[in-house]
Each structure stands twice: as structure tokens, then as C-alpha cells.
Amino acid sequence: LRELTAIFKLLPVDLTFIDKDDILRFFTNEGKIFGRPLSALGREVYRCHAPHIIPVVRNLIADFKAKKRVKFEVWRNIAGKPVGVKYLGVYDKNGEYLGTLEIVQDFQEALDHFAK
């Protein structure tokens, strides 16, 4: 677990895992893009979002559970930075829904590299 935690801290992404019961169970790199307080762990994911976003989150997770889709991507500027947010349904080898993984990445460094 110590090694895995150290590896996750090196990744240039924020990872968040919501389990099959919609409980926020895990996140890494807190605060790189979206700040997350430790108190969010163990809470229902819907209690971690602004009220106007909750229907979107509910629909997305319902779609993953029903396998209407297995991923969803959003690209937007956050605090003046180009950010990609990818949501992935997580399934076991039998196709049973295990939860949702959110991957958030700041793409400014890549854009700066290609602008040279």
C-alpha cells in the first residue's frame, strides 16, 4: 500500500473512486486541480457536489450502472487552465459494476510544449 500510494502521488492526474453504492472511497493528489477534503471520504458522492451538478452526476452514474455508456469526457478551462475530466465505469471480469473512476488532468504543460 505504501508503494502504491507513492506511485499515485507521482501521477500528473487526480484520481477519485466512487464505489458501487455511490460512496466516495478514494482520491489522490488532493488539491492539484480540484481540492477534496479528507472528510469527503465515506460520504455519498452527491453530497460532495453543488446542487446544480447533482442531477448530472446521478444520471452519469446511473448510465454506468446500466452500461448505457462506460466513459464520459469533459474538457473545460478551470482557473485559466485547460483541464480534461474523464469518468470511467469500473467493472469486474464478469461485467458487474464496481464503481466510477474520475481522472482529472491539467493539460497546460502539454499545450506549452507543443506551442514551442
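Just after helix H2 (54-66), lysine 67 takes a positive phi of about 60°, where helices (H or I, at least four residues) and strands (E, at least two) are DSSP runs numbered from the N terminus. The model is a predicted one, in which local features need pLDDT of at least 70 and side-chain atom pairs count only at pLDDT 80 or more, while totals for chains, interfaces and linings use all residues. Residues are numbered from 1 along each chain as its sequence is written, and side-chain values use heavy atoms, with hydrogens and water left out.

Helix H2 itself has 13 residues and reaches 18 Å from its first C-alpha to its last, close to the 18 Å expected at 1.5 Å a residue, the expected span being 1.5 Å times one less than the number of residues. Val57, Leu60, Ile61, Asp63 and Phe64 of H2 are buried, a term that stands for under 20% relative accessible area, with exposed meaning over 50% and partly exposed in between (1.4 Å probe, protein chains only). Seen down the axis of H2, these buried residues fall within an arc of 155°, so they line one face of the helix; the arc is that of the directions from the helix axis to the C-beta atoms. The cover over the buried residues of H2 includes E1, E3, E4 and E5, contact being defined as heavy atoms within 4.5 Å.

The largest pocket has a volume of about 700 Å³. A pocket is here an open set of points on a 1 Å grid over the protein atoms alone, where a 1.4 Å probe fits and protein lies on both sides within 12 Å along at least five of seven lines, and lining residues have an atom within 4 Å of a point. The volume is the space filled by probe spheres set on the points. Of the 27 lining residues, His49, Ile53, Val57, Tyr87 and Glu102 lie nearest the centre of the pocket, and the largest share of the lining, five residues, comes from H2. Strands E1 (13-19), E3 (71-78), E4 (81-91) and E5 (97-106) are among the elements that each supply at least two lining residues.

Threonine 16, found in strand E1, is buried, with a relative accessible area of 3%. Leaving aside neighbours within four places in sequence, threonine 16 is in contact with residues that include Phe26, Arg36 and Glu102. Phenylalanine 107, placed in the loop between E5 and helix H3 (108-115), is partly exposed, with a relative accessible area of 25%.
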